[in-house]
Amino acid sequence: MFNITQVEERVNFPEEEVKILKYWNEINAFQKQQDLTKDRPRFTFYDGPPFATGLPHYGHMCAGTIKDVVCRYFAMNGKYVERRFGWDCHGLPVEHEIDKALNIKKRGDILNMGIDKYNHECRSIVTKYASEWRRIVGRAGRWVDFDNDYKTMDPSYMESVWWVFKQLWEKGLVYRGCKVMPYSNGCSTVLSNFETQQNYKDVWDPAIVITFPLVNEENTSFLAWTTTPWTLPSNLALAVNPKFVYVKVLDKATNTHYILAESRIVELYSNATQYEIVNKVFGSQLEGIEYVPLFDYFLDRKQQGCFKVLSASYVTDKDGTGIVHIAPGFGEEDYKLSLKAGIITPQDPLVPIDSDGRFLECVTDFSGMDIKSADKEVRRTLKLKQRLIKDGQVYHSYPFCWRSQTPLIYKAISCWFIKVTAIKDELIDNNKKARWVPNAIQEGRFNNWLEQAQDWCFSRNRFWGNPIPIWASEDLEELVCVGSIDELKQLSGVNNISDLHREFIDQITIPSKYGKGVLRRIDEVFDCWFESGSMPFAQQHYPFERKDLFENIFPADFIAEGLDQTRGWFYTLNVISTALRNDTPYKNVIVNGIVLNEKGEKMSKSKKNYPDPEDEIINVFGADAMRLYLINSGLVKAQPLNFNKEGVQNVIKNVFLPWYNAYRFLIQNLQRYETLFGKFTFDDSVINKVQNTMDKWIISCSQDLLEFVRTEMESYRLYTIVPRLIEYLDSLTNWYVRLNRNRIKGDQGNHEWQLSLNVLFDVLHKINLLMSPYVPFITEAFYQNMRKCIPQGKNQMDSIHFLQIPEVRKELIDPQIAQKVKKMQMVIENARKLRETHKISLKQPVNSLTILTTDETLLQSVQLLSKYIEEEINTPQILVEKDLAQYIQQQAEPEVKLCGKELREKFSPDLIQQIKNFSQDQITQLKREGKILLKVLVNAKKQASEKQLQQQEGNLVQEMECELLLKHVKITEQFNTQKHQNLLFTKEDGYSLIIDPSQTQKLKNLGLAREFTNRIQKLRKKAQLRQEDKVIIFYSVDKDSQLFQALENEKEWIQNQIKKPLYPLSQRSFLNLEIASEKTDIEDQLVTLVITTYSPLFNKQKLQQQFNEKQVDTIMRVILVLENLQPTVEITLDGQKIVLDHNHYTIP
């Protein structure tokens, strides 16, 4: 009976994960880990709250995996890691779902319905998908506390948000003002500036040119350009750049005069013959000129100075006409310019639309019409008035509401703001305190955002949210900010306050201290980003509870979210933390990139342009494969990833299956060991006394990896760790296990068997530990089987995730062995390539492999590890050669440019020829000494004396000495093919390889034997036989063939490879039942293979000589059922005792 469980050849990873999930639930694994670590130092993690109005997508999966990896690692590294899940319950996502469900079109519909009923509906769907989130997040392998989660709608959380706000209030960081803000008509609320960055789309919009006739100059009009025709009914002024040159042109087609920037004539005319320039002026000369309004809705404002030209330096000539139409209520620069000019006041900026984006009654032509829908009608009206002279379109990037997907507008509105600009310097300084991964985001994107930070509009004109706790008099002169439930009770006299949502507190009043009657709460609620930014305080109900705990765990050790949160949660966390404590809210942050579909497009549920995370990925390939695919990508460096199914599949193919096979190989051989010697108990002290080079190497690699992971995890660089883990798995499976299969299978004696099993067990156990935070399922599955061999103690617990990452044992790290094995791997890989290049199968032995080098380290490595090279290259001999000359022909060529520059006239045809004719000795001398002295013939100079001159082929030449340096010569090495015609050669960096592919009869026999063995192993695999299954293999081959002779000569080698009895087919009896058979050919020689059940083999001829047919049959059946059959046996046959021995039967 085996101590460990048999491992199947084929594995279904998703099915194994489901089994592990069931096991975790049975032992309450996550809670048990928390209990086991509760007395350790705290590692603080903040989880950014998602909205529960939709299911998790790959963005959540990526960030969730990163969070899980880090938290698991530190829980396995001496820390207590609280992991509370959080829910963002308020705000537009929830309201938008209800608006769709109840067909709510405008704000008035909600007021008619009643805030209490509306908020009841919102509350009912907040946790609509909570159970699905819990299931999917758990299925993805993440351990996080859903039972002790925080919700932004909980009274305790909301109360802490009030407290946070009051701190800002008391610091003077809150004010009310009128500003032009991004506004969503689809959601009837203002948005913060950073929210507008989340959803830009490329769209077509109108691009029109309109005339504004001058009041005091007939037949002359200003020309203005706009892409928002709906703003034209609100036009109150025009703006020109004072420094631009403006021209008055005569339009020859209409005989009308137009005024526009000289640089923008191209907006209207494509040909100079279409117009005539009448006059030129600077923009400053146009200031104050009156024009005829487009509409008469606001003519009364003419008394305030409206409908005139203003001067503004922000006007550009990049597009349009160089003249801007001013609608103060719908543009930040328009608003500021109009305020400065005195044509509006903050109390009346002219915004003739309602909260849903429909024109008010005062805009009579378009009353009640949606503004974007009105674009077409405005253009039609202007055309009828002959004020539209160009009606075109422009394709540009425009912000849309991230929730309703409707175009945003910019609208002057009175809101509440936090003075971010007052703490900007502190924000920038605090940002530098944290470690960002990657740090380019910290220094670039996020720092730039902070440097450009504007005051934060935190108020929202909505209903389902945390009410802003400001009570105000009707004239807004008396304001009271409330910071807690108790404070509200004391100020109002109302005692039964248990919920802080609008329907419960809007009716509560506070008596005025200044005789202004009663103070009522202002209408607005908090921006939900304010709530999530308050999360460090509010999740603990600080300062009302757990005050000491909070002081000890703030700032967080770690957070992680996507790149989009640099202008979202990361930003609001920093603003609130800086404002309250002048500190960073976190010490370390990992920023992941955005997951796109395989075409690089944004993933869209409506378009269904990406595979479903659960149904098409996790249930098909497994959560571990998805996790490793995501975190072994550019995502962990904040780069985008085009998600591809094949990438997940390749994780299984390239990482999991080789790893699984190494684990299965260990288990198979442990079972074989236990069959012979009883229970195997892992001895972790074995690694201290190994002598085998490959054992030392893999142990060194294991410890080196452990040190690397520990170091890099302290810096949160997952992007360096995961590739190293995968690289190590490749070393383990493709090098250590493959090169030590015979030892691990026990072929080199019991002592080596036990040693190698312990070493493989140790390094597999350690890589399982290191990989467990990344792929928690597969490592748990391996551990649950392997732990049966681990003695009771700290390394034997109910889950691998309850163990601690071991400390590094630096004395086991051997850089020299690592270097030697690396050189061996290099030789093996390049020798394989050389064989592949010349199409020589690895199954076919070659006569020898020669390494040409003068590198002593390489020579030592080859000599130390030559047996492994022999096995991998399939050659009986490895040779080393320092004397390169007998194989390598060196050739010299001049470095023409350098010689011409430095040698000048000495660089003659004679020198060129001499260099090309260098002997091997001359090249060796040049390489050794770095120079060589030559005498060269150059063209004679006129001043040369007669004695110096020689006559050569009719020309006068001069002989000169020339010192030629190594840099002047290009030396190449070529294999001497003339001398060694039949050898294969390749030159590598610092050495060369030579393969002698010639074959002796012995090598040919080995090649045939190897191929024969390969066919047997394939048939065993096809029959799904296990290594421990007792079978006999029979074969039949033509006795006159070369193959027969090869099998006879190499039978011992074949037997050693297949580890099963091998006999000619003629010896098979009726007792050997067929399991599998195959007829095949090896080099055109027919072979029959039959795998049968195990039984003794009988010498039927000998038996028949002594016994009759019936007796022979009886003897065979008796022998077959005997237990522990011995070479000699005595049985009773027909009342007589007879003795049978090796002459009668053979025990395979």
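What follows is a short tour of a predicted model, a few spots at a time.

- Four strands make up an open sheet with mixed pairing, and their order is 39-38-41-40.
- The edge positions go to strand 39 (1062–1064) and strand 40 (1074–1082); each has a single partner strand, so one side of each has no neighbour in the sheet.
- On average, neighbouring strands here are turned by 25° against each other, if you ignore direction.
- Strand 38 (residues 1031–1037) and strand 39 run parallel and are joined by three bridges.
- Strand 40 and strand 41, by contrast, pair in the antiparallel sense, over eight bridges. Here Glu-1074 has Thr-1092 of strand 41 as its bridge partner.
- Strand 40 and strand 41 form a hairpin with two residues between the strands, and Glu-1083 in that hairpin takes a positive phi near 50°.
- As a bit of background, strands in a sheet pair through backbone hydrogen bonds, in either a parallel or an antiparallel way.

**Helices on that sheet**

- Helix 34 (residues 1042–1049) lies across strand 38, strand 40 and strand 41 (1085–1093), and runs at about 145° to strand 38.
- Helix 35 (residues 1051–1058) packs on the sheet too, where it touches strand 38 and strand 39. The direction of helix 35 makes about 130° with that of strand 39.

**Helix 3 meets helix 20**

- Helix 3 (residues 58–75) packs against helix 20 (residues 623–631) at an angle of about 90°, with the axes 10 Å apart.
- On the helix 3 side, the contact is made by Tyr-58, Met-61, Cys-62, Thr-65, Ile-66, Asp-68, Val-69 and Arg-72. Helix 20 brings Met-626, Arg-627, Leu-630 and Ile-631.
- Is Asp-68 buried or exposed? Asp-68 has a relative accessible area of 1%, under the 20% cut-off, so it counts as buried.
- Apart from neighbours within four places in sequence, Asp-68 is in contact with Gly-141, Arg-142, Trp-143, Arg-627 and Pro-773.

- Strand 3 runs parallel to strand 4 (residues 145–151), and three bridges join them. Across from Trp-87 you'll find Lys-151 in strand 4.

**Helix 27**

- Helix 27 (residues 815–837) has 23 residues and reaches 33 Å from its first C-alpha to its last, close to the 33 Å expected at 1.5 Å a residue.
- Among the buried residues of helix 27 are Ile-817, Val-821, Lys-823, Met-824, Arg-832 and Arg-835.
- Just past helix 27, Lys-839 has a positive phi of about 55°.

- Asn-692 lies in the loop between helix 21 (645–677) and helix 22 (693–714), and at 15% relative accessibility it counts as buried.
- The side chain of Asn-692 reaches the backbone nitrogen of Met-694 at 2.8 Å, and a polar contact of 3.4 Å joins the side chains of Asn-692 and Tyr-868.
- Leaving out neighbours within four places in sequence, Asn-692 is in contact with Asn-740, Arg-743 and Tyr-868.
- Val-525 lies in strand 24 (residues 525–526) and is buried, with a relative accessible area of 2%.
- Not counting residues up to four places away in sequence, Val-525 touches a list of residues including Phe-458, Phe-463, Pro-467, Ile-468 and Arg-502.
- The C-alpha atoms of Val-525 and Ile-698 are separated by 61 Å, and the two residues are 173 residues apart along the chain.

Technical notes. Residues numbered from 1 in each chain as written. Predicted model: local features only at pLDDT ≥ 70, side-chain atom pairs only at ≥ 80, totals over all residues. Heavy atoms only, no water. Expected span 1.5 Å × (residues − 1). Buried < 20%, exposed > 50% of the residue type's maximum accessible area, 1.4 Å probe, protein only. Contact = heavy atoms within 4.5 Å. Pairing = 2+ DSSP bridges. Axes fitted to C-alpha atoms, helices over the stretch in contact; angles between N-to-C directions. Polar contact = N/O pair within 3.5 Å; in protein donor to acceptor, adjacent residues only side chain to side chain.
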